[in-house]
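Hello,

Here is the structure we discussed handing over. My notes on it follow below.

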2 protein chains.
Amino acid sequence: MSLVAVPLDKAYRLLNHGPLTLVTTADAAGRRNVMAASWAMPLDFSPPKVAVVIDKSTYSRELLAANPQFVLNLPGRDLAAAALAVGSCCGREGDKFARHGLRTQPASLVLPPLLSDCLACLECRVLPEEAQQQKYDLFLAEVVAAWADPAVFHDGRWDFADPQRRTLHYQAGGAFFVTGDSFVVPGGED
Amino acid sequence: MSLVAVPLDKAYRLLNHGPLTLVTTADAAGRRNVMAASWAMPLDFSPPKVAVVIDKSTYSRELLAANPQFVLNLPGRDLAAAALAVGSCCGREGDKFARHGLRTQPASLVLPPLLSDCLACLECRVLPEEAQQQKYDLFLAEVVAAWADPAVFHDGRWDFADPQRRTLHYQAGGAFFVTGDSFVVPGGED
């Protein structure tokens, strides 16, 4: 698969259903990291913004201090084991991308890489809300570019025809949910 | 079904997988409202906190200004039409609970009611972060009590054996996803 651009006014729809994300960070010195974050959500439509919780103890926080940018990448089921692994261990001890077979490609407007095998990616620039970062580990950011695999997201909608290529939702203790079947409530179409 | 208490240290697990919520609000004068919010997530484990986006234009904001408490209720598929309806119309024009058949019961520690037919409910007290409320419509709150239907959440875990009794994830235009099947990555069990 390859990732194609998603119009920014549709970017919130990538995240609206609450999927698990993999957060990539990087700085100008070439350091980079990836971690799992379930606590991520849209914050605004246009310009699109997101909110994500990133714990103070993480290497990702060190990289965010050096370069306040991140990418939210949405893994499918084939990346569940990698998502669990990068959520459990520590980026300071070696490159987690290589260790877990996570292929990357350059983003368009930020330094952190896109994860090539994810279903979608949102390039984000952190908003200068340091008090919330310190007090709640809460990062607010503007989405400056968005990408998705057109086989699963097109015309502004997810299309999870292939059960193996669906986003994930994390529970706890290694247990995940896949995004389930879709249905439409009559009268709600736009 | 009836709701039973969830230990506070497990309350984040009700929301960890990113489900759609119905936010109930109420004030001491007896006014109350319910609206849909997809943009909700855990913010901390213990004490449990949540973050939710509630637009300035809503009647819920008026009630939150009068009484800074809300309940996040998690609807199942049987409430999808009601969720869509309360997300589309305006609480100032009449009681949305009655209009959409949403049964309520008193919460334990806050004024807004629990939705009796939801799968889980989190009673929340808003944290005094007015700047974020004004600037981003973002409400941070502490979870002071939590409830779930024990048929679908027990021992600190969701158990969605019945496909009809699963949480929802909203896409757009009346289209929902149900929470899908679960799987466990070996080695991740706790």
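The side chains of A:Glu129 and B:Lys135 form a salt bridge, at 2.8 Å from N to O (a side-chain nitrogen of Lys or Arg within 4 Å of a carboxyl oxygen of Asp or Glu). The rule finds two salt bridges across the interface of chain A and chain B.

This is a predicted model, in which local features need pLDDT of at least 70 and side-chain atom pairs count only at pLDDT 80 or more, while totals for chains, interfaces and linings use all residues. Residues are numbered from 1 along each chain as its sequence is written, chains are lettered from A and ligands numbered from 1 in the order in which they are written, and side-chain values use heavy atoms, without hydrogens and water.

Chain A and chain B each bring 52 residues to the contact (heavy atoms within 4.5 Å). Between them about 4,500 Å² is buried, 64% of it from carbon and sulfur atoms (accessible area, 1.4 Å probe, that two parts lose on being put together, summed over both). Of the area that chain A buries against chain B, A:Trp39, A:Phe177 and A:Phe183 supply 18%, more than any other three residues.

Strand β14 of chain A (residues 175-184) is joined to strand β14 of chain B (residues 175-184) by seven bridges, and the two run antiparallel (strands are DSSP runs of E, at least two residues, numbered from the N terminus; two strands pair if DSSP finds at least two bridges between them). A:Phe183 has B:Phe176 as its bridge partner in β14(B).

Regards

How values were computed. Helices (H or I, at least four residues) and strands (E, at least two) are DSSP runs, numbered from the N terminus.
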